[in-house]
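Let us take a friendly walk through this structure together. Have a look at the picture below, and then we will begin with its open spaces.

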Amino acid sequence: MNGTKNLDVRGLSCPEPALRTRLALQGLGTGTLVVLVDSSTSRNNVERTGRQLGWQTQALEEGATTRITLRK
Amino acid sequence: MSLSRFLSSRWGPIVTGAAVGVLAPLLVQQGNPGNMGICVACFNRDIAGALGFHRAAAVQYIRPEILAFVFGALAAALAFGEFRPRGGSSPLIRFVLGMFAAIGALVFLGCPWRAVLRLAGGDGNAIPGIVGLVAGIGLGIVFLKRGFSLGRSRPAAPAVPWVMPVFAAVLLALLLGAPLLGRTPEGNPTGPVFFSEKGPGSQHAPWLLSLAAGLVVGFLAQRSRFCTVGAFRDVLLLRDAHLLNGVVALLVAAFATNLALGQFHAGFEGNPVAHTGTSWNFAGMVLAGLAFTLAGGCPGRQVFLCGEGDGDAGVFVVGMIAGAGVAHLCSLASSPSGPGPYGPWAVGIGLVVLCLFGATMRESTTN
């Protein structure tokens, strides 16, 4: 199923950012997921989760927030 | 590859774990208690004793390793642009989690780091502890899958991230200065810091060596996100072995270093600062593992987060120090002869309280 989903995990503790990203990616199957994070730990974990599931990741820093776009 | 990118790569946790695995046995050789080169729970317990928060005369010392963890992580966070003031994610719940984490760990007699270090020193009693740790993490994962959350932290005032580094600096000053500001009823100088004259608290490496080792570990661990609880959690929950590689490196490096130093003694009886009560070695670490999982990371990770501006982690660490005080004031902590008289009760109560947290805390109820 194709689609776009947004996910805001700013301020959440480990492992919630990666867990929520994983569940969202598995729910989407294919498409685009945009994840907002506010720490480099969350950024690393979200990107690694995406890559493990075969999604392409692209990060864009916007002030204190990083917007990670995952596509498959 | 820059140091920053290297430490955030798959090699980061491995290098950090290997560093801990080499440095901890070296600290034992230099005077730290057996199989306790570094133990975040035991060392917080010693700090609690040194500050007079409990009266167990054998476990009182301001451990420089813990202070240096904060300083090393602070240096790394500043160097890599990761110093970020934040807080406000259920701080009181985190305090209680810290208390029960310390109590559970002191029923086992060690934090997750020491569980691995005990195994690497040949102490078979570490096995039920590690199995219990994984079971506690598994229980925490059940709650995480059901939506458990302590809620979101928010950007904090500029003073917040400096509280724990300044606290650590004050403790270092108290260690080095050892002022005698109090008076006994007889008028003799005493306190506010107390140092063991015998027992584990009296066993310590030279403070400068302890400080240097802690600085190295704190610096590496901040950037690599080394976490002994996240290691098992991420494998079970996310099928991700990134952090587990660090724990394996710790175990292998500590085993090799212990062998090289003649500190490996396989067996169940007569191990340093350990007891043979399998059930309570297991159950204590179930409680600790659950507490660490609900709080988001192992005690070492919580101390490192203190250095990068996380006020909530600071509350957890203060909770651990308070819990360690309670554990010894109320005879909850174990000794080499076995569990304390009320330790099993505390484990049971802790599991009930933490399961209530796990079942009831959702993001919608925490914001």
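The largest pocket holds about 990 Å³ of space. This is a predicted model, in which local features need pLDDT of at least 70 and side-chain atom pairs count only at pLDDT 80 or more, while totals for chains, interfaces and linings use all residues. Residues are numbered from 1 along each chain as its sequence is written, chains are lettered from A and ligands numbered from 1 in the order in which they are written, and side-chain values use heavy atoms, without hydrogens and water.

A pocket here is an open set of points on a 1 Å grid over the protein atoms alone, where a 1.4 Å probe fits, with protein on both sides within 12 Å along at least five of seven lines; lining residues have an atom within 4 Å of a point. A volume is the space filled by probe spheres set on the points.

Who lines the largest pocket? There are 46 lining residues, and Ser39(A), Ser40(A), Thr41(A), Ser42(A) and Arg225(B) lie nearest the centre. Helix H2 (40–52) of chain A supplies at least two of the lining residues, as do helices of chain B, including H9 (207–224) and H14 (311–329). With eight residues, H2(A) gives the largest share. (Helices are DSSP runs of H or I with at least four residues, strands are runs of E with at least two, and both are numbered from the N terminus.)

The second largest pocket has a volume of about 190 Å³. It is lined by 15 residues, and the closest to its centre are Val59(B), Pro200(B), Val273(B), Ser335(B) and Pro336(B).

Now turn to the sheet in chain A. Four strands form an open sheet in the order E1-E2-E4-E3, with mixed pairing; two strands pair if DSSP finds at least two bridges between them. At the edges are E1 (4–8) and E3 (56–62) of chain A, each pairing on one side only. E1(A) and E2(A) (residues 32–37) run parallel and are joined by five bridges, and Leu7(A) stands opposite Val35(A) in E2(A).

Finally, find Thr66(A) in strand E4 (residues 65–71) of chain A. Is Thr66(A) buried or exposed? Thr66(A) is buried, with a relative accessible area of 9%, where buried means under 20% (1.4 Å probe, protein chains only). Beyond neighbours within four places in sequence, its contacts (heavy atoms within 4.5 Å) include Val35(A), Arg43(A) and Leu60(A).

Methods. Buried < 20%, exposed > 50% of the residue type's maximum accessible area, 1.4 Å probe, protein only.
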